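These are my notebook entries on a structure that I examined element by element. The sequence and the model are shown first, and the entries follow.

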Amino acid sequence: MSRDALIVFVIWIVTTVIGLIVAGSMDIYPPVAAVEAEHIDQAARTLFMLATPVFTFVVVVMLYSIWRFRARDESEEGPPIYTHQTFAVGWLVVTSALAALLFYNPGYVGWQFLQRDPSGEIIVQVTAAQWHWHVTYPQYGLTVTSRPIGFERMEENAVLALPAGKRVKFEVTSVDVIHSFWIPALRMKVDAVPGLTTTMYATVTETGSFEEDAAFRVQCAELCGAGHPRMNMRVEILEPEEFEKWVEEQKKMMEMGGMGEDMQDDDH
Ligand SMILES: [Cu+2]
């Protein structure tokens, strides 16, 4: 091993260890409220861990080469650099193998897990429209509709409630353009496409609400027009008894023509 290669190797090991410690201690994940969310966070951590040595290797080799093999005065050109055949092939093989591994797991294996059970104890039908979410619970004969009023007045917005411990099947569609139905605390997201019904499953675990953390919200995740950033809705995950109470309250409000059925928004 040449002296340069040895130096690069040592710097690479040191920066990789530092990178792994930093990546491992970073708490960048919002609250987890579904079994699926834990798996998705785990996939993100795996990608971070595998990407760290590749990233530090590229940066260390690049910066070291720029410094070490620079032209020392203006009349001089730097030393010529030729392809190192063995290294190039080795690099291709290693990174392709890593990518193939990730396609399989968490890619394929993770996808199988998300689709493992096509039933739902609770069915939630979601219809997106510029810039509302119409949320129907067919088992309860209840529909709630969000208003595009933005974060500042989020406490006035409608609630999509879910019972903790239940498997939820979301059936999502759109009446106008493509939207995307996303609940960050569940880490699940699916496009809302006009003329199609897309499905998404979540096995909800923890109780929580928008008031506790903004990850408990529906957020449109596909640019859909001027009201896109305001196309959100509060999410509340309740104990099953609390959920039943919430349904009854909402139905009363619906009958009285109150918030549950409020289809208007203040901005038009
Ligand atoms: Cu949108």
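Entry 1, salt bridges. I took a salt bridge to be a side-chain nitrogen of Lys or Arg within 4 Å of a carboxyl oxygen of Asp or Glu. I worked on a predicted model, in which local features need pLDDT of at least 70 and side-chain atom pairs count only at pLDDT 80 or more, whereas totals for chains, interfaces and linings use all residues. Residues are numbered from 1 along each chain as its sequence is written, and side-chain values use heavy atoms, with hydrogens and water left out.

I searched the whole structure and found 11 salt bridges. I then looked up glutamate 36, which pairs with arginine 116 at 3.3 Å between the closest N and O atoms. This pair links distant parts of the chain, 80 residues apart: glutamate 36 lies in helix H2 (residues 35-68), and arginine 116 lies in the loop between helix H3 (85-114) and strand E1 (122-129). For these names, helices (H or I, at least four residues) and strands (E, at least two) are DSSP runs, numbered from the N terminus.

Glutamate 36 also forms a salt bridge with arginine 167, with the closest N and O atoms 3.2 Å apart. Here the partners are 131 residues apart, arginine 167 being in strand E5 (residues 167-174). I noted that Glu36, Arg116, Asp117 and Arg167 are linked in a network of salt bridges.

I called a residue buried under 20% relative accessible area, exposed over 50% and partly exposed in between (1.4 Å probe, protein chains only). Glutamate 36 has a relative accessibility of 0% and therefore counts as buried. Arginine 167 is buried as well, at 4%, while arginine 116 is partly exposed at 36%.

I counted as donors the N, O and S atoms within 2.8 Å of the metal (3.2 Å for Na, K and Ca); water is not among the atoms, so sites may look incomplete. The protein donors of the copper ion are Cys220 (SG), Glu222 (O), Cys224 (SG) and His228 (ND1), at 1.9 to 2.5 Å from the ion. Their spacing in sequence reads C-x1-E-x1-C-x3-H.

Which geometry do the 4 donor atoms adopt? They subtend angles of 91 to 122 degrees, so the arrangement is tetrahedral; for four donors, that label requires all angles to lie between 85 and 135 degrees. Cysteine 224 is buried at 5% relative accessible area, whereas glutamate 222 is partly exposed at 32%.

I checked the length of helix H4 (residues 240-255): its 16 residues should span 22 Å at 1.5 Å a residue, and the end C-alpha atoms are 23 Å apart, which agrees. The expected span is 1.5 Å times one less than the number of residues.

I listed the buried residues of H4 as Phe243, Trp246, Val247 and Gln250. They cover an arc of only 105 degrees around the axis, so they lie on the same side of H4; the arc is that of the directions from the helix axis to the C-beta atoms. Glu241, Lys252 and Glu255 are exposed on the other side of H4. Just after H4, glycine 257 takes a positive phi of about 70 degrees.

Terms used. Four donors count as tetrahedral if all angles lie between 85 and 135 degrees; four count as square planar and six as octahedral if opposite donors are over 155 degrees apart and all others between 65 and 115; anything else is irregular.
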